[in-house]
Amino acid sequence: MLPFINAHPLQKVSQDFRHDILDMIYKNGGHIGGSLSSIDLINTVYFGNLFNFKKDHFVLSAGHLAPSLYVILANAGYFPKKLLDNYSSLDSILQHHVSRDVPGVEYSSGSLGQGLSFACGLALGDSKSKVICLTSDGEHQEGQIWESLLFAKKYKLKNLINIVDFNQFQIDGPVSQIMPLDNLAAKYIQFGWTVTTIDGHNFNQIISTLKVAKKSDYPNCIIAKTTIGKGISFMENNFKYHDVKNLSEALYNQAKSEL
Amino acid sequence: MTNSIRQSFGNTLTKLAKNNKNIFVVNADLKSSLFLNDFAKKFPRRFIECGVAENNAAAVAAGLAQTGKTVFLTSFSCFSPAINWNTIKQSICYNNSNVKIIGSHAGLMSTDLGATHQMLEDLALMRSLPNMEVFSPLDALETEKIIKTVSFSKKPAYIRLVRPPTPNLFDSKFDFTIGKSHILQPGKNVTIIGHGPILEEAFQVQAKLNLDDKYKKISLEIINCSSIKPLDVTTILKSIKKTGHLICLEDHQKNGGLGEAITPLILSNNLSCKFIHLAVDNSFGRSAKTYQELYNYYGIGVDDLLSAVKKYF
(Lines give C-alpha, C1' and ligand atoms only; values in the text may rest on other atoms or scores of the structure.)
Protein backbone atom coordinates (compact mmCIF):
# COMPACT_ATOMS: atom_id res chain seq x y z
CA MET A 1 0.00 0.00 0.00
CA LEU A 2 1.11 3.54 -0.71
CA PRO A 3 2.22 5.75 2.21
CA PHE A 4 -0.69 7.24 4.10
CA ILE A 5 -0.72 10.64 2.50
CA ASN A 6 -3.60 12.73 3.83
CA ALA A 7 -4.95 9.63 5.50
CA HIS A 8 -6.63 9.77 8.90
CA PRO A 9 -4.11 8.89 11.64
CA LEU A 10 -6.28 5.94 12.68
CA GLN A 11 -5.82 4.40 9.26
CA LYS A 12 -2.16 3.71 9.90
CA VAL A 13 -3.08 2.24 13.28
CA SER A 14 -5.69 0.00 11.68
CA GLN A 15 -3.14 -1.24 9.19
CA ASP A 16 -0.87 -2.28 12.08
CA PHE A 17 -3.84 -4.03 13.66
CA ARG A 18 -4.49 -5.90 10.42
CA HIS A 19 -0.93 -7.22 10.61
CA ASP A 20 -1.61 -8.39 14.17
CA ILE A 21 -4.86 -10.09 13.12
CA LEU A 22 -3.19 -11.80 10.17
CA ASP A 23 -0.29 -12.98 12.34
CA MET A 24 -2.48 -14.43 15.07
CA ILE A 25 -4.77 -16.17 12.60
CA TYR A 26 -1.85 -17.47 10.50
CA LYS A 27 -0.52 -19.15 13.65
CA ASN A 28 -3.81 -20.34 15.13
CA GLY A 29 -6.62 -20.14 12.56
CA GLY A 30 -9.68 -17.97 13.03
CA HIS A 31 -12.41 -15.79 11.60
CA ILE A 32 -10.33 -13.48 9.49
CA GLY A 33 -12.82 -12.06 6.95
CA GLY A 34 -15.05 -10.28 9.45
CA SER A 35 -12.13 -9.38 11.70
CA LEU A 36 -10.57 -7.45 8.81
CA SER A 37 -13.90 -5.85 7.84
CA SER A 38 -14.71 -4.73 11.39
CA ILE A 39 -11.30 -3.58 12.62
CA ASP A 40 -11.68 0.02 11.45
CA LEU A 41 -14.98 0.26 13.33
CA ILE A 42 -13.70 -1.19 16.61
CA ASN A 43 -10.47 0.79 16.27
CA THR A 44 -12.48 4.02 16.05
CA VAL A 45 -14.68 3.05 18.98
CA TYR A 46 -11.61 2.49 21.18
CA PHE A 47 -9.06 4.95 19.83
CA GLY A 48 -11.23 7.73 18.34
CA ASN A 49 -11.43 9.70 21.62
CA LEU A 50 -15.19 9.25 21.60
CA PHE A 51 -15.84 6.97 24.57
CA ASN A 52 -14.45 6.25 28.00
CA PHE A 53 -14.48 2.53 28.68
CA LYS A 54 -14.00 3.08 32.39
CA LYS A 55 -17.74 3.75 32.28
CA ASP A 56 -19.00 3.16 28.76
CA HIS A 57 -19.63 -0.36 27.46
CA PHE A 58 -18.68 -2.30 24.35
CA VAL A 59 -20.52 -5.51 23.47
CA LEU A 60 -19.21 -7.70 20.68
CA SER A 61 -22.38 -9.52 19.71
CA ALA A 62 -20.71 -11.19 16.72
CA GLY A 63 -18.38 -13.18 18.97
CA HIS A 64 -16.47 -14.75 16.10
CA LEU A 65 -14.87 -11.33 15.47
CA ALA A 66 -12.86 -11.88 18.65
CA PRO A 67 -9.45 -11.48 16.88
CA SER A 68 -10.38 -7.91 16.02
CA LEU A 69 -11.31 -7.05 19.62
CA TYR A 70 -8.39 -8.96 21.15
CA VAL A 71 -5.90 -7.04 18.99
CA ILE A 72 -7.51 -3.75 20.03
CA LEU A 73 -7.48 -4.64 23.73
CA ALA A 74 -3.89 -5.90 23.62
CA ASN A 75 -2.77 -2.69 21.96
CA ALA A 76 -4.78 -0.67 24.48
CA GLY A 77 -2.79 -2.38 27.24
CA TYR A 78 -5.52 -4.56 28.75
CA PHE A 79 -3.23 -7.59 28.52
CA PRO A 80 0.26 -8.42 27.16
CA LYS A 81 0.37 -8.49 23.40
CA LYS A 82 2.31 -11.75 23.36
CA LEU A 83 -0.89 -13.54 24.43
CA LEU A 84 -2.11 -13.08 20.86
CA ASP A 85 0.48 -15.62 19.70
CA ASN A 86 -1.35 -18.67 21.02
CA TYR A 87 -4.90 -17.42 20.83
CA SER A 88 -7.42 -20.28 20.83
CA SER A 89 -4.99 -22.73 22.49
CA LEU A 90 -5.82 -24.78 25.57
CA ASP A 91 -3.50 -22.79 27.81
CA SER A 92 -4.69 -19.39 26.58
CA ILE A 93 -7.37 -17.17 28.09
CA LEU A 94 -8.09 -15.94 24.56
CA GLN A 95 -11.00 -18.14 23.60
CA HIS A 96 -11.74 -18.54 19.91
CA HIS A 97 -15.06 -16.76 20.39
CA VAL A 98 -14.91 -13.67 22.54
CA SER A 99 -14.85 -14.35 26.28
CA ARG A 100 -15.00 -12.12 29.31
CA ASP A 101 -12.18 -14.11 30.87
CA VAL A 102 -10.12 -11.71 28.76
CA PRO A 103 -9.41 -8.38 30.47
CA GLY A 104 -11.46 -5.61 28.86
CA VAL A 105 -14.14 -7.91 27.46
CA GLU A 106 -17.55 -7.29 28.98
CA TYR A 107 -19.64 -9.99 27.32
CA SER A 108 -18.87 -13.55 26.23
CA SER A 109 -20.54 -14.50 22.98
CA GLY A 110 -20.34 -16.75 19.95
CA SER A 111 -23.96 -17.69 19.45
CA LEU A 112 -25.35 -14.87 17.31
CA GLY A 113 -28.25 -12.55 18.02
CA GLN A 114 -27.95 -12.26 21.80
CA GLY A 115 -25.49 -9.41 22.26
CA LEU A 116 -27.84 -6.64 21.20
CA SER A 117 -30.35 -7.78 23.85
CA PHE A 118 -27.55 -7.82 26.42
CA ALA A 119 -26.56 -4.32 25.29
CA CYS A 120 -30.19 -3.23 25.78
CA GLY A 121 -30.02 -4.48 29.37
CA LEU A 122 -26.77 -2.56 29.94
CA ALA A 123 -28.23 0.59 28.38
CA LEU A 124 -31.31 0.34 30.58
CA GLY A 125 -29.39 -0.34 33.79
CA ASP A 126 -26.66 2.22 33.17
CA SER A 127 -28.46 5.04 31.42
CA LYS A 128 -25.69 7.57 32.09
CA SER A 129 -23.20 5.60 29.99
CA LYS A 130 -22.99 4.82 26.31
CA VAL A 131 -23.36 1.24 25.13
CA ILE A 132 -21.84 0.35 21.78
CA CYS A 133 -22.73 -3.00 20.27
CA LEU A 134 -21.19 -4.54 17.18
CA THR A 135 -23.35 -6.95 15.19
CA SER A 136 -22.83 -8.46 11.77
CA ASP A 137 -25.21 -8.27 8.83
CA GLY A 138 -25.73 -12.04 8.65
CA GLU A 139 -26.52 -12.00 12.37
CA HIS A 140 -29.69 -10.07 11.54
CA GLN A 141 -31.23 -13.33 10.33
CA GLU A 142 -31.60 -14.29 13.99
CA GLY A 143 -35.10 -13.49 15.23
CA GLN A 144 -33.83 -12.28 18.58
CA ILE A 145 -32.32 -9.20 16.90
CA TRP A 146 -35.82 -8.06 16.00
CA GLU A 147 -37.06 -8.67 19.53
CA SER A 148 -34.31 -6.39 20.80
CA LEU A 149 -35.14 -3.68 18.24
CA LEU A 150 -38.70 -3.53 19.58
CA PHE A 151 -37.37 -3.41 23.12
CA ALA A 152 -34.85 -0.59 22.50
CA LYS A 153 -37.55 1.54 20.92
CA LYS A 154 -40.04 0.91 23.74
CA TYR A 155 -37.51 1.80 26.45
CA LYS A 156 -36.11 4.78 24.47
CA LEU A 157 -32.53 3.55 24.78
CA LYS A 158 -30.92 6.64 23.30
CA ASN A 159 -27.57 5.70 24.85
CA LEU A 160 -27.43 2.55 22.69
CA ILE A 161 -25.49 2.43 19.44
CA ASN A 162 -25.58 -0.69 17.30
CA ILE A 163 -22.89 -0.76 14.63
CA VAL A 164 -23.60 -3.29 11.89
CA ASP A 165 -20.52 -4.64 10.15
CA PHE A 166 -22.28 -4.86 6.80
CA ASN A 167 -19.77 -6.85 4.74
CA GLN A 168 -22.45 -8.69 2.76
CA PHE A 169 -21.09 -12.19 3.35
CA GLN A 170 -21.71 -15.01 5.78
CA ILE A 171 -20.18 -18.45 6.20
CA ASP A 172 -21.90 -20.13 3.25
CA GLY A 173 -22.01 -17.20 0.83
CA PRO A 174 -23.52 -13.79 0.11
CA VAL A 175 -26.14 -12.63 2.60
CA SER A 176 -28.29 -11.62 -0.37
CA GLN A 177 -28.50 -15.28 -1.41
CA ILE A 178 -28.53 -17.08 1.93
CA MET A 179 -31.35 -14.91 3.34
CA PRO A 180 -31.62 -11.37 2.01
CA LEU A 181 -31.97 -8.50 4.47
CA ASP A 182 -33.15 -6.22 1.67
CA ASN A 183 -33.38 -2.64 2.90
CA LEU A 184 -31.99 -3.02 6.41
CA ALA A 185 -31.94 0.75 7.04
CA ALA A 186 -35.64 1.01 6.22
CA LYS A 187 -36.38 -1.82 8.63
CA TYR A 188 -34.50 -0.08 11.45
CA ILE A 189 -36.34 3.17 10.72
CA GLN A 190 -39.63 1.31 10.82
CA PHE A 191 -38.63 -0.08 14.22
CA GLY A 192 -38.12 3.48 15.52
CA TRP A 193 -34.35 3.72 15.44
CA THR A 194 -32.13 6.48 14.07
CA VAL A 195 -30.16 5.01 11.20
CA THR A 196 -27.10 6.17 9.33
CA THR A 197 -25.43 4.28 6.51
CA ILE A 198 -21.72 4.92 6.12
CA ASP A 199 -18.54 3.67 4.50
CA GLY A 200 -17.20 1.49 7.30
CA HIS A 201 -13.60 2.04 6.21
CA ASN A 202 -13.80 5.84 6.13
CA PHE A 203 -12.61 7.11 9.51
CA ASN A 204 -13.97 10.62 9.10
CA GLN A 205 -17.41 9.17 8.44
CA ILE A 206 -17.21 6.69 11.32
CA ILE A 207 -16.12 9.38 13.77
CA SER A 208 -18.64 12.01 12.69
CA THR A 209 -21.48 9.49 12.74
CA LEU A 210 -20.56 8.24 16.21
CA LYS A 211 -20.39 11.85 17.44
CA VAL A 212 -23.93 12.46 16.20
CA ALA A 213 -25.13 9.12 17.57
CA LYS A 214 -23.87 10.03 21.05
CA LYS A 215 -26.35 12.93 21.14
CA SER A 216 -29.32 11.13 19.62
CA ASP A 217 -32.73 10.96 21.26
CA TYR A 218 -33.37 7.46 19.89
CA PRO A 219 -31.53 4.15 19.76
CA ASN A 220 -28.94 4.36 17.03
CA CYS A 221 -28.00 2.03 14.24
CA ILE A 222 -24.95 2.64 12.11
CA ILE A 223 -24.94 0.44 9.04
CA ALA A 224 -21.26 0.38 8.15
CA LYS A 225 -20.67 -0.90 4.65
CA THR A 226 -17.43 -2.82 4.80
CA THR A 227 -15.43 -5.27 2.75
CA ILE A 228 -14.89 -8.80 4.03
CA GLY A 229 -11.15 -9.51 4.15
CA LYS A 230 -10.39 -5.78 3.73
CA GLY A 231 -6.76 -5.06 2.83
CA ILE A 232 -5.82 -8.48 1.47
CA SER A 233 -6.77 -8.80 -2.20
CA PHE A 234 -7.49 -12.52 -2.35
CA MET A 235 -9.63 -12.37 0.78
CA GLU A 236 -11.69 -9.35 -0.20
CA ASN A 237 -15.31 -10.20 -1.07
CA ASN A 238 -14.45 -13.90 -0.81
CA PHE A 239 -16.65 -15.77 1.66
CA LYS A 240 -14.17 -18.67 1.68
CA TYR A 241 -12.18 -16.40 4.01
CA HIS A 242 -15.02 -16.12 6.55
CA ASP A 243 -12.65 -18.22 8.61
CA VAL A 244 -9.36 -19.81 7.80
CA LYS A 245 -7.25 -22.69 9.03
CA ASN A 246 -3.74 -23.44 7.82
CA LEU A 247 -3.17 -20.41 5.60
CA SER A 248 -0.18 -21.33 3.38
CA GLU A 249 3.14 -19.59 3.90
CA ALA A 250 3.02 -18.23 0.34
CA LEU A 251 -0.43 -16.69 0.85
CA TYR A 252 0.62 -15.37 4.25
CA ASN A 253 3.63 -13.67 2.71
CA GLN A 254 1.51 -12.22 -0.07
CA ALA A 255 -0.99 -10.93 2.50
CA LYS A 256 1.80 -9.38 4.59
CA SER A 257 3.21 -7.60 1.56
CA GLU A 258 -0.19 -6.22 0.59
CA LEU A 259 -0.91 -4.78 4.04
CA MET B 1 -54.53 -26.01 54.28
CA THR B 2 -53.33 -25.01 50.86
CA ASN B 3 -51.56 -21.95 49.54
CA SER B 4 -50.38 -20.77 46.17
CA ILE B 5 -46.70 -21.17 45.40
CA ARG B 6 -46.72 -18.60 42.60
CA GLN B 7 -48.64 -16.11 44.72
CA SER B 8 -46.08 -16.61 47.45
CA PHE B 9 -43.38 -15.81 44.88
CA GLY B 10 -45.03 -12.58 43.74
CA ASN B 11 -45.78 -11.38 47.26
CA THR B 12 -42.34 -12.26 48.60
CA LEU B 13 -40.52 -10.51 45.78
CA THR B 14 -42.66 -7.40 46.14
CA LYS B 15 -41.87 -7.32 49.86
CA LEU B 16 -38.15 -7.82 49.28
CA ALA B 17 -38.04 -5.13 46.59
CA LYS B 18 -39.23 -2.54 49.07
CA ASN B 19 -35.92 -2.67 50.93
CA ASN B 20 -33.67 -4.00 48.19
CA LYS B 21 -33.66 -1.36 45.45
CA ASN B 22 -31.46 -3.57 43.28
CA ILE B 23 -34.22 -6.08 42.62
CA PHE B 24 -35.56 -5.87 39.07
CA VAL B 25 -38.15 -7.96 37.27
CA VAL B 26 -37.79 -8.72 33.57
CA ASN B 27 -41.14 -10.14 32.55
CA ALA B 28 -42.51 -11.84 29.44
CA ASP B 29 -46.19 -10.89 29.59
CA LEU B 30 -47.16 -13.03 32.59
CA LYS B 31 -47.32 -10.39 35.30
CA SER B 32 -50.78 -11.33 36.56
CA SER B 33 -50.13 -15.07 36.55
CA LEU B 34 -47.05 -14.50 38.70
CA PHE B 35 -48.80 -12.09 41.08
CA LEU B 36 -46.54 -9.21 40.09
CA ASN B 37 -49.22 -6.56 39.53
CA ASP B 38 -48.39 -5.05 42.88
CA PHE B 39 -44.65 -5.07 42.14
CA ALA B 40 -45.23 -3.36 38.79
CA LYS B 41 -47.46 -0.74 40.39
CA LYS B 42 -45.12 0.01 43.30
CA PHE B 43 -41.84 -0.16 41.36
CA PRO B 44 -42.64 0.70 37.74
CA ARG B 45 -39.03 1.60 36.91
CA ARG B 46 -37.84 -1.77 38.18
CA PHE B 47 -40.47 -3.75 36.30
CA ILE B 48 -39.27 -4.32 32.73
CA GLU B 49 -41.89 -5.72 30.37
CA CYS B 50 -40.47 -7.52 27.34
CA GLY B 51 -43.62 -8.99 25.88
CA VAL B 52 -43.65 -12.55 24.57
CA ALA B 53 -40.00 -12.48 23.54
CA GLU B 54 -38.22 -14.80 25.94
CA ASN B 55 -34.85 -14.80 24.23
CA ASN B 56 -34.59 -11.04 24.32
CA ALA B 57 -35.85 -11.04 27.90
CA ALA B 58 -33.14 -13.48 29.03
CA ALA B 59 -30.28 -11.44 27.56
CA VAL B 60 -31.77 -8.11 28.68
CA ALA B 61 -31.88 -9.62 32.17
CA ALA B 62 -28.21 -10.58 31.88
CA GLY B 63 -27.24 -7.08 30.68
CA LEU B 64 -29.17 -5.47 33.54
CA ALA B 65 -27.50 -7.82 36.00
CA GLN B 66 -24.13 -6.71 34.64
CA THR B 67 -24.94 -3.21 35.93
CA GLY B 68 -25.28 -4.52 39.49
CA LYS B 69 -28.94 -5.46 39.64
CA THR B 70 -30.47 -8.68 40.97
CA VAL B 71 -32.80 -9.65 38.15
CA PHE B 72 -35.78 -11.99 38.29
CA LEU B 73 -36.71 -13.24 34.82
CA THR B 74 -40.35 -14.23 35.01
CA SER B 75 -42.44 -16.42 32.74
CA PHE B 76 -43.92 -19.91 32.47
CA SER B 77 -41.39 -22.73 32.45
CA CYS B 78 -42.78 -23.94 29.12
CA PHE B 79 -41.47 -20.69 27.57
CA SER B 80 -38.55 -19.78 29.82
CA PRO B 81 -36.30 -21.86 29.96
CA ALA B 82 -37.89 -23.85 27.13
CA ILE B 83 -37.74 -21.30 24.30
CA ASN B 84 -34.64 -19.42 25.44
CA TRP B 85 -32.34 -22.21 26.59
CA ASN B 86 -29.36 -21.17 24.53
CA THR B 87 -29.71 -17.53 25.57
CA ILE B 88 -29.71 -18.74 29.17
CA LYS B 89 -26.65 -20.86 28.42
CA GLN B 90 -24.61 -18.07 26.84
CA SER B 91 -25.91 -14.77 28.23
CA ILE B 92 -26.76 -15.93 31.75
CA CYS B 93 -24.64 -18.99 32.59
CA TYR B 94 -21.48 -18.50 30.50
CA ASN B 95 -21.47 -14.83 31.48
CA ASN B 96 -22.28 -15.85 35.08
CA SER B 97 -25.01 -13.21 35.39
CA ASN B 98 -27.01 -12.55 38.54
CA VAL B 99 -30.32 -13.65 37.02
CA LYS B 100 -32.95 -15.77 38.76
CA ILE B 101 -35.16 -17.56 36.27
CA ILE B 102 -38.68 -18.07 37.56
CA GLY B 103 -40.41 -20.84 35.59
CA SER B 104 -44.00 -21.09 36.71
CA HIS B 105 -46.71 -23.59 35.70
CA ALA B 106 -44.24 -26.49 35.72
CA GLY B 107 -45.28 -30.12 35.46
CA LEU B 108 -48.62 -31.81 34.95
CA MET B 109 -50.02 -29.42 37.55
CA SER B 110 -50.83 -27.04 34.69
CA THR B 111 -53.71 -29.51 34.33
CA ASP B 112 -56.20 -28.37 31.66
CA LEU B 113 -53.64 -26.45 29.61
CA GLY B 114 -52.30 -29.66 28.09
CA ALA B 115 -49.01 -30.87 26.63
CA THR B 116 -47.62 -27.54 25.36
CA HIS B 117 -48.03 -25.92 28.76
CA GLN B 118 -47.07 -28.84 30.99
CA MET B 119 -43.34 -28.35 31.30
CA LEU B 120 -41.84 -31.74 32.09
CA GLU B 121 -38.31 -31.10 30.83
CA ASP B 122 -37.21 -27.94 32.67
CA LEU B 123 -35.02 -29.68 35.22
CA ALA B 124 -33.24 -31.58 32.45
CA LEU B 125 -32.55 -28.30 30.67
CA MET B 126 -31.41 -26.40 33.74
CA ARG B 127 -29.48 -29.13 35.57
CA SER B 128 -27.22 -29.54 32.58
CA LEU B 129 -25.91 -25.96 32.59
CA PRO B 130 -22.66 -25.01 34.35
CA ASN B 131 -23.00 -22.19 36.94
CA MET B 132 -26.76 -22.80 37.22
CA GLU B 133 -28.40 -23.67 40.55
CA VAL B 134 -31.79 -25.38 40.46
CA PHE B 135 -34.53 -25.24 43.08
CA SER B 136 -38.03 -26.70 43.27
CA PRO B 137 -39.99 -25.48 46.32
CA LEU B 138 -42.25 -27.81 48.25
CA ASP B 139 -44.95 -25.30 49.06
CA ALA B 140 -45.75 -21.61 49.47
CA LEU B 141 -43.67 -21.17 52.63
CA GLU B 142 -40.58 -22.76 51.16
CA THR B 143 -41.04 -20.62 48.05
CA GLU B 144 -40.82 -17.53 50.25
CA LYS B 145 -37.65 -18.85 51.87
CA ILE B 146 -36.04 -19.78 48.55
CA ILE B 147 -36.81 -16.41 46.97
CA LYS B 148 -35.31 -14.62 49.99
CA THR B 149 -32.21 -16.81 49.86
CA VAL B 150 -31.53 -16.39 46.15
CA SER B 151 -32.07 -12.64 46.38
CA PHE B 152 -28.83 -12.52 48.40
CA SER B 153 -26.90 -14.73 45.98
CA LYS B 154 -25.04 -13.45 42.94
CA LYS B 155 -25.32 -16.67 40.96
CA PRO B 156 -27.68 -17.73 38.18
CA ALA B 157 -30.56 -19.81 39.50
CA TYR B 158 -33.67 -21.52 38.21
CA ILE B 159 -36.72 -21.75 40.46
CA ARG B 160 -39.55 -24.06 39.40
CA LEU B 161 -43.05 -22.98 40.42
CA VAL B 162 -46.45 -24.59 39.97
CA ARG B 163 -49.89 -23.30 39.14
CA PRO B 164 -52.55 -24.53 41.61
CA PRO B 165 -52.74 -23.97 45.35
CA THR B 166 -50.91 -26.81 47.08
CA PRO B 167 -50.79 -28.27 50.62
CA ASN B 168 -48.61 -26.62 53.25
CA LEU B 169 -45.88 -29.12 54.12
CA PHE B 170 -42.77 -27.13 55.01
CA ASP B 171 -41.93 -26.90 58.68
CA SER B 172 -41.64 -23.24 59.66
CA LYS B 173 -38.83 -24.16 62.08
CA PHE B 174 -36.60 -24.95 59.11
CA ASP B 175 -34.67 -22.52 56.99
CA PHE B 176 -33.95 -23.10 53.36
CA THR B 177 -30.26 -23.60 52.69
CA ILE B 178 -28.77 -24.02 49.22
CA GLY B 179 -27.51 -27.60 48.88
CA LYS B 180 -29.52 -28.94 51.85
CA SER B 181 -32.43 -31.36 51.86
CA HIS B 182 -34.91 -31.66 54.69
CA ILE B 183 -36.23 -34.91 56.09
CA LEU B 184 -39.93 -34.14 56.38
CA GLN B 185 -40.63 -37.44 58.12
CA PRO B 186 -37.95 -39.76 59.49
CA GLY B 187 -38.49 -43.45 58.74
CA LYS B 188 -36.71 -46.81 58.59
CA ASN B 189 -37.86 -48.83 55.64
CA VAL B 190 -38.24 -46.81 52.44
CA THR B 191 -36.72 -43.49 51.38
CA ILE B 192 -39.16 -41.39 49.40
CA ILE B 193 -37.32 -38.51 47.77
CA GLY B 194 -38.90 -35.90 45.56
CA HIS B 195 -39.40 -32.23 44.98
CA GLY B 196 -42.39 -29.95 44.81
CA PRO B 197 -45.96 -30.45 46.03
CA ILE B 198 -46.23 -34.02 44.70
CA LEU B 199 -44.38 -35.12 47.87
CA GLU B 200 -47.68 -34.76 49.72
CA GLU B 201 -48.56 -38.16 48.25
CA ALA B 202 -45.95 -39.75 50.50
CA PHE B 203 -47.84 -38.62 53.61
CA GLN B 204 -51.07 -40.03 52.19
CA VAL B 205 -49.31 -43.32 51.49
CA GLN B 206 -47.94 -43.48 55.02
CA ALA B 207 -51.47 -42.97 56.36
CA LYS B 208 -52.75 -45.81 54.17
CA LEU B 209 -49.93 -48.10 55.32
CA ASN B 210 -50.72 -47.33 58.94
CA LEU B 211 -54.25 -48.62 58.44
CA ASP B 212 -53.12 -51.87 56.81
CA ASP B 213 -52.22 -54.72 59.18
CA LYS B 214 -49.79 -56.21 56.73
CA TYR B 215 -47.86 -52.97 56.19
CA LYS B 216 -48.42 -50.89 59.29
CA LYS B 217 -44.88 -51.41 60.55
CA ILE B 218 -43.43 -49.85 57.43
CA SER B 219 -42.20 -46.32 57.95
CA LEU B 220 -41.29 -44.00 55.12
CA GLU B 221 -38.44 -41.53 55.28
CA ILE B 222 -39.69 -38.57 53.27
CA ILE B 223 -37.02 -36.24 51.90
CA ASN B 224 -37.78 -32.86 50.40
CA CYS B 225 -35.10 -32.38 47.77
CA SER B 226 -35.88 -28.77 46.90
CA SER B 227 -32.22 -28.05 46.22
CA ILE B 228 -31.84 -30.13 43.07
CA LYS B 229 -28.54 -28.55 42.13
CA PRO B 230 -26.45 -28.55 44.24
CA LEU B 231 -27.69 -31.82 45.74
CA ASP B 232 -27.49 -32.71 49.43
CA VAL B 233 -25.46 -35.86 48.81
CA THR B 234 -24.81 -36.54 52.51
CA THR B 235 -28.46 -36.58 53.58
CA ILE B 236 -29.53 -38.62 50.57
CA LEU B 237 -26.83 -41.28 50.90
CA LYS B 238 -27.32 -41.59 54.65
CA SER B 239 -31.00 -42.29 54.17
CA ILE B 240 -30.44 -44.79 51.37
CA LYS B 241 -27.88 -46.65 53.48
CA LYS B 242 -30.39 -46.83 56.31
CA THR B 243 -33.45 -47.98 54.36
CA GLY B 244 -31.96 -49.80 51.36
CA HIS B 245 -35.13 -48.95 49.44
CA LEU B 246 -35.46 -45.80 47.37
CA ILE B 247 -38.37 -44.28 45.49
CA CYS B 248 -37.91 -41.03 43.62
CA LEU B 249 -41.18 -39.24 42.94
CA GLU B 250 -41.45 -36.24 40.62
CA ASP B 251 -43.79 -34.35 38.31
CA HIS B 252 -41.22 -34.30 35.47
CA GLN B 253 -39.89 -36.59 32.77
CA LYS B 254 -37.76 -39.47 33.99
CA ASN B 255 -35.20 -38.27 31.47
CA GLY B 256 -33.08 -35.61 33.11
CA GLY B 257 -35.09 -35.43 36.31
CA LEU B 258 -34.07 -35.71 39.96
CA GLY B 259 -34.05 -39.51 39.73
CA GLU B 260 -31.30 -39.31 37.16
CA ALA B 261 -29.34 -37.02 39.44
CA ILE B 262 -29.51 -39.53 42.30
CA THR B 263 -28.80 -42.86 40.58
CA PRO B 264 -25.15 -42.04 39.85
CA LEU B 265 -24.69 -41.35 43.58
CA ILE B 266 -25.86 -44.87 44.38
CA LEU B 267 -23.61 -46.45 41.77
CA SER B 268 -20.49 -44.44 42.47
CA ASN B 269 -20.78 -45.10 46.21
CA ASN B 270 -21.19 -48.86 45.69
CA LEU B 271 -24.47 -48.87 47.57
CA SER B 272 -26.81 -51.76 47.32
CA CYS B 273 -30.27 -50.33 47.05
CA LYS B 274 -33.60 -51.01 45.38
CA PHE B 275 -34.74 -48.12 43.22
CA ILE B 276 -38.04 -47.11 41.63
CA HIS B 277 -38.38 -43.88 39.70
CA LEU B 278 -41.96 -42.59 39.57
CA ALA B 279 -42.03 -39.89 36.92
CA VAL B 280 -43.48 -39.27 33.47
CA ASP B 281 -41.99 -41.87 31.17
CA ASN B 282 -41.14 -40.42 27.77
CA SER B 283 -44.65 -39.07 27.17
CA PHE B 284 -46.30 -35.75 26.47
CA GLY B 285 -48.88 -34.47 28.89
CA ARG B 286 -52.56 -33.91 28.11
CA SER B 287 -55.54 -31.92 29.36
CA ALA B 288 -57.61 -32.96 32.34
CA LYS B 289 -59.86 -31.38 34.94
CA THR B 290 -57.63 -32.11 37.93
CA TYR B 291 -53.93 -32.79 38.24
CA GLN B 292 -54.68 -35.83 40.41
CA GLU B 293 -56.38 -37.40 37.37
CA LEU B 294 -53.23 -36.76 35.39
CA TYR B 295 -50.99 -38.15 38.14
CA ASN B 296 -53.03 -41.36 38.08
CA TYR B 297 -53.00 -41.48 34.27
CA TYR B 298 -49.21 -41.13 34.09
CA GLY B 299 -48.53 -43.55 36.94
CA ILE B 300 -47.35 -41.05 39.55
CA GLY B 301 -50.49 -40.87 41.70
CA VAL B 302 -50.99 -41.88 45.33
CA ASP B 303 -51.98 -45.43 44.43
CA ASP B 304 -48.92 -45.79 42.21
CA LEU B 305 -46.68 -44.72 45.07
CA LEU B 306 -48.49 -47.08 47.44
CA SER B 307 -48.00 -50.04 45.06
CA ALA B 308 -44.36 -49.13 44.62
CA VAL B 309 -43.80 -49.22 48.37
CA LYS B 310 -45.65 -52.52 48.70
CA LYS B 311 -43.54 -54.07 45.94
CA TYR B 312 -40.58 -53.89 48.32
CA PHE B 313 -42.26 -56.01 51.02
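Axes here are lines fitted to C-alpha atoms, for helices over the stretch in contact, and angles run from 0 to 180 degrees between N-to-C directions. Helices (H or I, at least four residues) and strands (E, at least two) are DSSP runs numbered from the N terminus. From helix 3 of chain B, B:Asn55, B:Ala58, B:Ala59 and B:Ala62 meet B:Thr87, B:Ile88, B:Ser91 and B:Ile92 in helix 4 of chain B. These residues comprise 5 nonpolar, 3 polar and no charged, where Ala, Val, Leu, Ile, Met, Phe, Trp, Tyr, Cys and Pro count as nonpolar, Asp, Glu, Lys and Arg as charged, and the others, Gly among them, as polar.

Turning to the contact between the chains, 19 residues come from chain A and 20 residues from chain B, two residues being in contact if their C-beta atoms, placed from the backbone, lie within 7 Å. On the side of chain B that touches chain A, helix 3 (54-66) and helix 4 (85-94) of chain B are the elements that give two or more residues. Helix 3 of chain B gives the most, with 9 residues. By type, this side of chain B holds 9 nonpolar, 10 polar and 1 charged.

Within chain A, helix 1 (residues 9-28) and helix 3 (residues 66-75) cross at roughly 120°, and their axes come within 9 Å. Helix 1 and helix 3 of chain A are therefore oblique to each other. The contact joins A:Phe17, A:Asp20, A:Ile21, A:Met24 and A:Ile25 of helix 1 to A:Pro67, A:Ser68, A:Val71, A:Ile72 and A:Asn75 of helix 3. Its residues divide into 7 nonpolar, 2 polar and 1 charged.

A:Ser89 lies in the loop between helix 3 and helix 4 (115-125) of chain A. A:Ser89 is exposed, since 11 other C-beta atoms lie within 10 Å (exposed means 12 or fewer, buried 20 or more, and partly exposed in between, with C-beta atoms placed from the backbone). A:Ser89 and A:Asn28 are 61 residues apart in sequence, yet 7.8 Å apart in space, C-alpha to C-alpha.

Residues are numbered from 1 along each chain as its sequence is written, while chains are lettered from A and ligands numbered from 1 in the order in which they are written. In this predicted model, local features need pLDDT of at least 70, side-chain atom pairs count only at pLDDT 80 or more, and totals for chains, interfaces and linings use all residues.

Definitions and conventions. Angles under 35 degrees count as roughly parallel, over 145 as roughly antiparallel, 65 to 115 as roughly perpendicular and the rest as oblique.
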